[in-house]
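Here is a short briefing to read alongside the model. Keep the viewer open as you go through the topics.

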Amino acid sequence: MPLSNWETIPTTLFLLLITTYLLRCLKSWHRLAHIPGPALASHSSLYLVRTLLSGKFHEHMRSISEEYGPLVRIGPNELLCTDPETLRRICAARSPYTKGEFYETGRVIPGHDNIVTLRDETKHKALRAKLSSAYAGRESGRGNAGLEGDINSQVKQFIRLIEEKYLSEDGELRPLELTSKTMFFTLDVISEMSFGEAFGFLREDKDLYQFIEINDSAMPVMNFLLAVPWLTNFVYRWPLKLALPRDGDNVGLGRLMGLAKGYVDDRLVRRDDAKPGSSPSDMLQAFIKSGMDYDELVQHMFVQIVAGSVTTAAAIRHTLLALISSPACYMALRKEIDEAVAAGTISATEVITDAEAQALPYLQAVIKEGLRMWPPTTGLGSKQVPKGGDEICGYFVPDGTQIAHNFSGIMCLEGVFGKDAKVFRPERWLESSSREQADRLKFMNMVVDLAFSHGKYLCLGKKIALLELNKIFVELIRRYDFSLVDPHNPIKSTSGVFWLASDLWLRVARRQYFPHE
Ligand code: HEM
């Protein structure tokens, strides 16, 4: 070969590479080119990275569906679905869909799956079966009463903390920062249920092990990886994996992992020399009884602490903030509580029971409205289209496509919730005098239930979360008056796949006219 031909080889190779890359891009773009969406999203993951890191993810998801419709292309292989019925169909018990690539990022320890990250449907189903009865309180033999007892003791601890340190009086402000306290509360509830003893965040009134601080600072990295899940494989390799949390850490997620592992180790050792009848009755014991192996237990106890705390804390703080900023709603709820106490339908001295709370229509409306306006998980929960593809919202979608849930979008659909869907108005849940309204209410309930997902992916902790919500608002509002320390800057809050919040400063005062003291 003449020398000049040799010299052209690198150029030819380069051109070949570029052409192959461009052809691949073209093919990838063409696959879903018939589905509307922002131009950037059809070519690269940059659109998702940008919106997930914007701090206003939920708003973007809402506005993009308003602009482009119920099915929007948000990435080269990602679509966003804002059709509640399709989302239910995708998640239904017998649906051929599977968890998507999004879930790869949820693995805490490389190579070890947990209930959230398991994409193999058969294994996921089998693990869910082991977990389900413990979540219902059945395995432990304690049922609802046991779960309620654990929550009651942490509600009382929360009240004790307010009484000791955060009651403001005339001329003296003792501000309470609610975002951290709601995390303390939910972390203590979930640890008490899981291990039979609370971590003690409320007792110490402190971000133990810097868990909240480190969890919050890791969130942008997590949001980034969730937008580009395949990059997770690099994070799981040396040297990046050295930065992942480990159970030997003294702080952060790693410390919680270590605590969870410690409890499991301790319990499995104790099981060997436990006396008959001395078995604890917490969720860990229930999981052991249901046949979970060591690895499953360690993974799950950790996942449960995170899944059970961040979400419920967000629901409590957003709803309470909405109530404080909507005096008419606040007073309507307080009136309902006072009347129920006066009528003896809720106890004047004990923490409200779940059954009593369920009989308070305005409270139930407030809880639903809070979950609707600020769904605690804002995305993406992508599921993978099965072999043969699927027809979604009038479009053919090829197999392997990732379908994300638009949690914030479905909760603000005007066709479902009315023209004032973006307003916090619990009364919308109480309007059912006509047949038409009753039908609409049924549909609204179906949509708001999707905040906990559905079918084979339904949140395992839904019942626990609702127990917490049923108690906390009543116990706070019946005792105290709340006001914002800085009404012009009520909270610092950002949304990615979860909410991050800080600086929700409240003035808490004993109720002027607490009728039951
Ligand atoms: C208001 C509070 C909560 C909300 C809105 C919520 C929402 C959700 C959602 C949407 C999912 C499905 C996620 C997905 O597949 O992408 C989920 C799953 C899950 N949640 Fe919750 N959750 C809440 C509280 C809790 C609590 C208190 C616990 C534990 C005690 C918990 C444990 C779980 C677990 C273990 C899963 C995984 C289920 C599976 O993949 O099969 N959650 N949750």
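**Briefing: salt bridges, iron site and overall build**

R425 counts as partly exposed, at 22% relative accessibility; here buried means under 20% relative accessible area, exposed means over 50%, and partly exposed is in between (1.4 Å probe, protein chains only). This is a predicted model, in which local features need pLDDT of at least 70 and side-chain atom pairs count only at pLDDT 80 or more, while totals for chains, interfaces and linings use all residues. Residues are numbered from 1 along each chain as its sequence is written, and side-chain values use heavy atoms, with hydrogens and water left out.

**Salt bridges**

- Side chains of opposite charge can pair when their charged atoms come close.
- R425 forms a salt bridge with D420, and the closest N and O atoms of the pair are 2.6 Å apart; the term stands for a side-chain nitrogen of Lys or Arg within 4 Å of a carboxyl oxygen of Asp or Glu.
- D420 is partly exposed as well, with 24% relative accessibility.
- D503 forms a salt bridge with K492, where the closest N and O atoms are 3.6 Å apart.
- This pair links distant parts of the chain, with D503 in the loop between β11 (499-502) and β12 and K492 in strand β10 (residues 492-495), 11 residues apart. Helices (H or I, at least four residues) and strands (E, at least two) are DSSP runs, numbered from the N terminus.
- Salt bridges that share partners also join E369, R372, D420, R425, R428 and E431 into one network.
- K492 counts as exposed at 53% relative accessibility, whereas D503 is partly exposed at 28%.
- E163 forms a salt bridge with R510, with 2.9 Å between the closest N and O atoms.

**The iron site**

- Which residue gives the iron atom of the ligand its only protein donor? The donor is the SG atom of C459, at 2.3 Å. Donors are N, O and S atoms within 2.8 Å of the metal (3.2 Å for Na, K and Ca), and water is not among the atoms, so sites may look incomplete.
- C459 lies in the loop between α20 (435-449) and α21 (462-477).
- With a relative accessible area of 31%, C459 is partly exposed.
- The UniProt annotation "binding site", from an unreviewed entry, covers C459. UniProt positions are given in the numbering used here, feature names are shortened, and annotations may be inferred rather than shown by experiment.

**Overall build**

- The chain has 21 helices and 12 strands.
- Of its 517 residues, 53% count as buried.
- A compact globule of 517 residues would have a radius of gyration near 24 Å, and the 25 Å of the chain agrees with that. The radius is taken over C-alpha atoms, and the globule rule is 2.2 Å times the number of residues to the power 0.38.
- The C-alpha atoms fill a box of roughly 100 × 65 × 50 Å, taken along the principal axes.

**A nonpolar surface patch**

- F14, L15, I18, Y21 and L22 make a nonpolar surface patch of about 540 Å². Patches are made of residues with over 30% relative accessible area and no salt bridge, with like charges joined within 9 Å and nonpolar side chains (Val, Leu, Ile, Met, Phe, Trp, Tyr) within 5 Å.
- F14 is found in helix α1 (residues 3-31) and is exposed, with a relative accessible area of 52%.

**Backbone and contact details**

- Phi of D205 is near 50 degrees, a positive value in a residue other than glycine. D205 lies in the loop between α9 (201-204) and α10 and counts as buried at 13% relative accessibility.
- P220 sits in helix α10 (residues 211-227) and is partly exposed, with a relative accessible area of 41%.
- P220 and L53 are 167 residues apart in sequence, while their C-alpha atoms are 6.4 Å apart in space.

How values were computed
Accessible areas come from the Shrake-Rupley method with a 1.4 Å probe; for residues, only the protein chains shown count as cover.
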